[in-house]
Amino acid sequence: MARARNHRRIRAARLAIGLVLTSSLALGHATLSMAQNVTPALGTTVDSLLAAGRQLSPTVRAAALETAAAAAKADAAGALDDPTLSTNYQNYRSGSQNFNMTFIMLSQEFPLWGKRDLRHQAALADVDAARGRERAAQDELDEQIKLAYARYYVVTQAIAINQEIAKLARQMRGAATARYGQGSGDQIGAVTALTEQTRAATDAAGLEEERASAIARINALLARPAGAALAKPLRLRPLPAVLPGIDALLSRARASNPTLFASNADIRGAEAAQTLAGKAWLPGVTIGAGPVTQTHAPTGVNAEVSINIPLQWAPKEAGEREAAARLGAAQQRFSATLAEIQGDLESALARLNASRRVEMLLRTQLLPQYQAAFRSMLANYGQGHGDLTGVLEIEHRLHDTQLELLRIQTDQQAALAAIERLIGSDL
């Protein structure tokens, strides 16, 4: 009889813990709904972290400086080379007189056949490639921040639930100890209550460590001090009501994916470089002019036009082969990037669609059935009918379903962040 009473007390304790878990989840959702009307502080929403990342991240700032450097280089890409100033002195004797002449020449080389425009086009393509890499760095940072925030949100929710469990465990231990002291209880009940309290304290230590790790990860992404505090997270990002198909996502990726944009710019730059290498066989023109001074004669003018003769075939042929190879490599990188994006998009979209179907089944079918069965069995047990084991079993299934929903929501956030990075914009 005593053993049966102990089993009933243990089951009742577990049942009470399950009730607290269920009520704490409902209370948490209500609290989050009220907090949505408050102006977000850093950490309350993922948008606050994304905005801070765009301003504070040294990775993004470095990419922006690379773009600025490429733009500065492009400004002078089509300019002429510096002119050359030369002087020539001649001294000679004619009859009984000495004569000297001084030539001063200012010459300028002029590339013909559109070579300057091609250099400028290649430099502008480099600017676009740098701009694409800058956007890609921003999108990768956004994805990491979204994932870090989802982790921060989940562990914060787990801490809130654990606090309720710890509170109940303390109450259970106090009641069990008092009953044992009065002789109406037994030692097993007191030990069980102490075990529940210790387990809650152990879980709390692990959760606090995980929460500190999540905060440290976010601070690292934002280049904030390691111990900088964050506000309590309020909610996860909402999912779109209707998900686009893979063809629509691929179309958006081709138009907006920054890595594809940078790869396409590399192709344009390689094409301009290949055309420029082909024009290396065409000569350039150098034009010069300047005054001539000489003794016993008025000052004159000297002018010249020179044309370089492209006789060295080996460097030009090598340059053409190099340009063709670089163009082919850029085209292959574009194809590889596009194929990788397509595969990643299909995988992320499949994960998101599957998780949404599972979530719908859990919310519309399994969860309502468990809730109805739990309420019915709990009411019957309160009236002295039924078995506590069945009540605990259905309560455990209800709780596991709620935790599974939370895990699914986390997976959905990861898939959503991956899709948005791949298409280069919010979904």
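Colleague: In which loop does W113 lie?

Modeller: This is a predicted model, in which local features need pLDDT of at least 70, side-chain atom pairs count only at pLDDT 80 or more, and totals for chains, interfaces and linings use all residues. Residues are numbered from 1 along each chain as its sequence is written, and side-chain values use heavy atoms, with hydrogens and water left out. Helices (H or I, at least four residues) and strands (E, at least two) are DSSP runs, numbered from the N terminus. On that numbering, W113 lies in the loop between β2 (97-110) and α4 (115-182).

Colleague: What is the phi of W113?

Modeller: Most residues other than glycine have a negative phi. W113 is not a glycine, yet its phi is positive, at about 65 degrees.

Colleague: Is W113 buried, partly exposed or exposed?

Modeller: Buried means under 20% relative accessible area, exposed over 50%, and partly exposed in between (1.4 Å probe, protein chains only). W113 has 45% relative accessibility, so the residue counts as partly exposed.

Colleague: What is the accessible area of the nonpolar surface patch that includes W113?

Modeller: Like charges are joined within 9 Å, and nonpolar side chains (Val, Leu, Ile, Met, Phe, Trp, Tyr) within 5 Å. Areas come from the Shrake-Rupley method with a 1.4 Å probe, and for residues only the protein chains shown count as cover. L80, F110, L112, W113, L282, I287, V305 and I307 form the patch, and their accessible area together is about 690 Å².

Colleague: How does I307 count, buried or exposed?

Modeller: I307 has its place in strand β4 (residues 297-307). Its relative accessible area is 52%, so I307 is exposed.

Colleague: Where is A223, which has a positive phi although it is not a glycine?

Modeller: The phi of A223 is about 60 degrees. At 46% relative accessibility, A223 counts as partly exposed. Its place is in the loop between α5 and α6 (246-256).

Colleague: How far apart in space are R224 and L56, C-alpha to C-alpha?

Modeller: R224 is also found in the loop between α5 and α6, and is partly exposed with a relative accessible area of 21%. In sequence, R224 and L56 are 168 residues apart. In space, the C-alpha to C-alpha distance is 7.9 Å.

Colleague: What separates the C-alpha atoms of R131 and A262?

Modeller: R131 is found in helix α4 and counts as partly exposed, at 35% relative accessibility. Along the chain, R131 and A262 are 131 residues apart. Their C-alpha atoms are separated by 7.2 Å.

Colleague: Which rings form the aromatic pair, and is the pair stacked or edge-to-face?

Modeller: Rings of Phe, Tyr and Trp (its six-membered ring) pair if their centres lie within 6.5 Å; planes under 30 degrees apart count as stacked, over 60 as edge-to-face and the rest as tilted. The count by this rule is 1 aromatic pair. The centres of the W281 and W313 rings are 5.8 Å apart and the planes are at 80 degrees, so the pair is edge-to-face.

Colleague: How many residues apart in sequence are the parts that this pair ties together?

Modeller: W281 counts as partly exposed at 26% relative accessibility, and W313 is exposed at 54%. W281 lies in the loop between α7 (258-278) and β3 (285-294), and W313 in helix α8 (residues 313-382), so the parts tied together are apart in sequence by 32 residues.

Colleague: Within what arc do the buried residues of α3 fall?

Modeller: In α3 (residues 58-75), the buried residues are V60, A63, T67, A70 and A74. The arc is that of the directions from the helix axis to the C-beta atoms. Seen down the axis, the buried residues line one face of α3, because they fall within an arc of 80 degrees.

Colleague: Which exposed residues does the face of α6 turned away from its buried side carry?

Modeller: L249, L250 and A253 are the buried residues of α6. They cover an arc of only 100 degrees around the axis, which puts them on the same side of α6. The face turned away from that buried side carries D247, R254 and A255.

Methods. Patches are made of residues with over 30% relative accessible area and no salt bridge: like charges are joined within 9 Å, nonpolar side chains (Val, Leu, Ile, Met, Phe, Trp, Tyr) within 5 Å. A salt bridge is a side-chain nitrogen of Lys or Arg within 4 Å of a carboxyl oxygen of Asp or Glu. The expected span of a helix is 1.5 Å times one less than its number of residues.
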